[in-house]
Amino acid sequence: MIAVEDLRKRYGKTLAVDGLSFTVEPGRVVGFLGPNGAGKTTTLRILLGLVRANSGQATILGQRYKELERPFCQVGAVFEASGFHPGRKARNHLRVLARAGRAPETRVDEVLKIVGLEGAAKKRVGAYSLGMRQRLALASALLGDPGVLILDEPANGLDPEGIRWLRDLLRSLAAEGRAVLISSHVLAEVEQTVDEVVIINKGKFVAHGSVESLTRSVEGRVRVRSPQAAKLRKQLVKAGLKIDVDGDALLVAGGPSSQIGEIAAKSQVVLHELTPITTQLEDVFFALTTDGEK
Amino acid sequence: MIASLSSEWLKIRTTRTIFWLLLALCAVVTLFVVAGILTNNKADLTGSDNQAGAMGIGILAAVIALIMGLIVSTGEYRHGTITPTLLTTPSRPLVVVSKGIAAMLLGVALVALAEVFVIAELAAFLPIRGIGFALQGGDVARVLARTLACAAIWGALGSSLGLALRNQIGTVVGCFAWLFFAEPIVQGILNSHAIHSHAGRFLPLAATIGVFADTTGHDANRLSHLGGVFILSGWLALATVAALLLLGRRDVS
């Protein structure tokens, strides 16, 4: 449904996107992750025909965006909370888009209701908060009732209730068979929303898979606290485990908590804490993107 | 094309800028017409031909159309609305053409409004000085055709220049600096005895004067009405090609 193949984009001496390839299937919510400057927004803009690639292909539904028959009704997009004339009322903003994109104007009130802005529809966008603008941007993306959604940082500016609403909305959209590609730097939020993630760094592909498979691939750690930390550390290193220090605690990698407990018992070391740390998407992200930098 | 044009027209109608510019246009037109009626000799206000001359103030609508064309197009970059515009209308040439036509239509609408004001004010105020309202269809049509042509072209010119140059304040200030300061100087140089080229008449403001003004006898420094329209259209074509090339190649990021 969304296919990026060996995509390259250069800005002067900077290679913003470097041979990137990935696909997004229908009915999936895919997180598109990478550090700032990784090339996420550039890739999304290339997909939507706003930026020209130097080489490679970026297609949606098998075609380039501008070759789609009714692109606005087939693909909905959000780019940050900008793209509004501050002096135009929200409802009129959507009417302008509906007309140009050949979406029925009856959808305007429907999408305002979906994003919870029906009460503020006649306010000028300049008076909107960041969260309201983000909702309006989402309303724009949903106007054409598209099968594909491409969202760049859609959670920016949303309050916790808004983030939960967004999560439920994206899940329901995916359940209807739509493909959703969502870039975000709020990793904890993405983790709860997406089926799979594509991770890029410095314009290059790093990883693609389900959150579960990626978290499995990263080594878990155990948090250990002991009044005899120095003695315990010596024994753990002797056993071939990797140690990091976090305040008064040791973060131990390379073995399960049972192994660490046994080593402590054999060495007659008192333990105050022995907690396995669940690997989260954030850990995967940092592990993979840091590796990429080496 | 219709969808894109309809959207561009709605864009123009749904901000307060157009409201304030319309108000300014009506106020200035009223001021000029009333002042003209009160201060001119009775003889200069009598007869259809003279009264049609008062309709010339409608050319201010061309300036408003130029400003609106510039503001609407550069506003796309200023407010970032160029992104949703290109998402709804991925064909960039279509965006350039739709915006140009919408600005042309705006110019036509502004002239129509301004001239309705002028005619209503002539009808209302001329009798106060004991002068009969004598405007005839032929004279009205002559002035209307010239002002409409100028306003339509200037509106589209503003739109294309705005899309090509992007910076709102720079483009508006630059256009006014050209029209009111630079062009008269350049015209003077090109038409001077030393150069004697008469090329100054091909500049945008001079061409507009050619379209608009009544000429008595031959003036080598002034184009004919049709010649003026032709040259102004040439400037519009140049600005449109620039907008097509620059917007067509530009990354929108």
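At what angle do helix α7 (residues 92-125) of chain B and helix α11 (residues 225-249) of chain B pack, and how far apart are their axes? Here are some notes on that pair and on a few other parts of this predicted model.

1. **The helix pair in chain B.** Two packed helices are described by the angle between their axes and the distance between the axes. For α7(B) and α11(B), the angle is about 145° and the axes are 9 Å apart. The crossing of α7(B) past α11(B) is right-handed. On the α7(B) side, the contact is made by B:Arg92, B:Pro93, B:Val95, B:Val96 and B:Gly100. On the α11(B) side you will find B:Thr240, B:Ala243, B:Leu244, B:Leu247 and B:Gly248. Sorted by class, this contact has six nonpolar, three polar and one charged residues.

2. **The sheet in chain A.** Next, have a look at the open sheet of three strands, whose order is β2-β1-β4 with antiparallel pairing. β2 and β4 of chain A are the edge strands, each pairing on one side only. On average, neighbouring strands of the sheet are turned by 20° against each other, direction ignored. Helix α1 (residues 40-47) of chain A packs on this sheet and touches β1, β2 and β4 of chain A. The direction of α1(A) makes about 115° with that of β1(A).

3. **How the strands pair.** Strands of a sheet pair through backbone hydrogen bonds, either parallel or antiparallel. In chain A, β1 and strand β2 (residues 14-24) run antiparallel and are joined by eight bridges. Within that pairing, A:Ile2 stands opposite A:Val24, and A:Arg8 has A:Asp18 as its bridge partner. The hairpin of β1(A) and β2(A) has two residues between the strands, and A:Gly12 takes a positive phi near 60° there. Strand β1 (residues 2-11) also pairs with strand β4 (residues 55-60) of chain A, in the antiparallel sense over five bridges. In this second pairing, A:Ala3 stands opposite A:Thr59 of β4(A).

4. **A closer look at α3(A).** This helix has twelve residues and reaches 16 Å from its first C-alpha to its last, close to the 16 Å expected at 1.5 Å a residue. Just after α3(A), A:Arg102 takes a positive phi of about 60°.

Technical notes: Residues numbered from 1 in each chain as written. Chains lettered and ligands numbered in written order. Predicted model: local features only at pLDDT ≥ 70, side-chain atom pairs only at ≥ 80, totals over all residues. Axes fitted to C-alpha atoms, helices over the stretch in contact; angles between N-to-C directions. Helix = DSSP H or I, 4+ residues; strand = E, 2+ residues; numbered from the N terminus. Left-handed = near helix turned anticlockwise from the far one by under 90°. Contact = placed C-beta atoms within 7 Å. Nonpolar A, V, L, I, M, F, W, Y, C, P; charged D, E, K, R; others polar. Pairing = 2+ DSSP bridges. Expected span 1.5 Å × (residues − 1).
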